[in-house]
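Here's a quick tour for anyone meeting this structure for the first time. Take a look at the picture, then read on.

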Amino acid sequence: MPKQPPDTLRLNELIEEQLALGAQLKPPVGGLNRQAVQMVDIDGDGIEEALVFYQTQEENNLSIVLYHKVGEEYKLFTRIDNVGEEIESIEFEDIDKDGTKEIIVVWRLGQGAVKALTVHTLSDGQILPLLSTICHAYAMQHFSGEGNQSLLVFRQDEEVSTGVADLYGFDGLEMSVLSQAPLSASVEAIQRIRKGQLSDDKPAIFVTSQYITNQYDTSAVLTDIFCLVGGDLQNITLDKASGISMQTKRDYLVPVCTDIDGDGVLDVPAPYELPPYNADADPSNIFMVIRWCSYGSNGVAHTTKTTYHNYTDNWFFDIPESWLAHLTMNRTFSPGEKGYIFALRVDDDPRDQLAIYSLVGDDRGELSKKDGRVVVNTLPEMIIAAEILPTALEEFAISQEELLDRILWIEKEWNIWELSQ
């Protein structure tokens, strides 16, 4: 059995000494860095520091202990102590681009949503606090392009019962609030944070939150978009009269903000209901499509795509723009197959343009070979097939090749409940 190197042996001995004194290993519960022992080159000298996470019975019961390598072994260097239930996350970012990574820690203080965020840096052989503030979430972004990153901290302002975004930057050796902007009023909880580009190439932060309109409505979400305008942080989607980003409000179960057309600009989903297929249509048989909007830093939205999403079978259809003013939909069912019909109403009656089928059962292979059908995807228990229907209006016709190009697959990370920074 190979022997451990001296530096690893000594680090293990130092950890065992702490455990013998009653400490327990207590790694972060969230974020990307969740190990109880993390090796990071913080000071940029090419040698990794060891960070070990403990919980003790002392007053400041959570500790991050830093061990610095001297020669061939690790020695106790310094520690960051705080009180709380657990460390939610830790991140290492060279915020001021001086070659040393700052240590960004989120501490859970109790059962509620309130957390503490601290930022520390190594300087002249010691660790210095740069910032300590209450927060609910945070994000990093290069708002001004090249150079220093900015730290955006989201917190609840208890005096006015609304969320606030504080933009922190360096003021000498400390971090301070450079600018501030409100979140939408009546948001209950931040669900997801994403960095992205606006349509005029400015960097922005997209914050999707659960939105409460009344005591019975808990399923809506909305997105606030923050960027620098004239050097100040602004929520560009916020309606000044209502204090809410109502143009981005939508149902909780639609996809999250994503670059739907691959142009490098993050798009916001805006779902709307299609008119019924005909007068006899079941009123409960509602079809929703999603208009995807890109925003400029002036808050003006432009539609990039409109799609229909089938969450059950994991596909979506990129709807041709010429169809949108006439579009309606219907479903068909028969043994072993379920069809989604895209139809256009130019005059009074809808004309079925195409169908996308989900085929299951032992006969799914035969069903996929019916005249006019083309296989889109073969899954272990299902075949997805499509067909341009004989009733399709010629002036709105698309080729079979274009049909296949317009059927795409829903990405797992679009789920709203996956918080991402």
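Which residue in E5 is the bridge partner of Lys-69? It's Tyr-74. Keep in mind as you read that this is a predicted model.

E4 and strand E5, which covers residues 73-82, are joined by nine bridges and run antiparallel. The two strands make a hairpin with two residues between them, and Gly-71 there takes a positive phi near 70°.

If you'd like a spot to look for, find Tyr-54, which stands opposite Ser-63 in E4.

## The open sheet from E6 to E9

Moving along, you come to an open sheet of four strands, in the order E6-E7-E8-E9, with antiparallel pairing. Strand E6 (86-93) and strand E9 (126-135) stand at the edges with a single partner strand each, so one side of each has no neighbour in the sheet. On average, neighbouring strands of this sheet are turned by 20° against each other, direction ignored.

Start with E6: seven bridges join it to strand E7 (residues 102-108), and the two run antiparallel. One of the pairings to look up is Glu-93, whose bridge partner in E7 is Glu-102.

Then there's strand E8 (residues 115-123), which is antiparallel to E9 and joined to it by nine bridges. His-120 stands opposite Pro-129 in E9. E8 and E9 form a hairpin too, with two residues between them, and Asp-124 in the turn has a positive phi of about 50°.

## The second largest pocket

As for where they come from, strand E20 (288-295) and strand E21 (301-310) each supply at least two residues of the lining. E21 gives the most, with three residues.

Terms used. Residues numbered from 1 in each chain as written. Predicted model: local features only at pLDDT ≥ 70, side-chain atom pairs only at ≥ 80, totals over all residues. Heavy atoms only, no water. Pairing = 2+ DSSP bridges. Axes fitted to C-alpha atoms, helices over the stretch in contact; angles between N-to-C directions.
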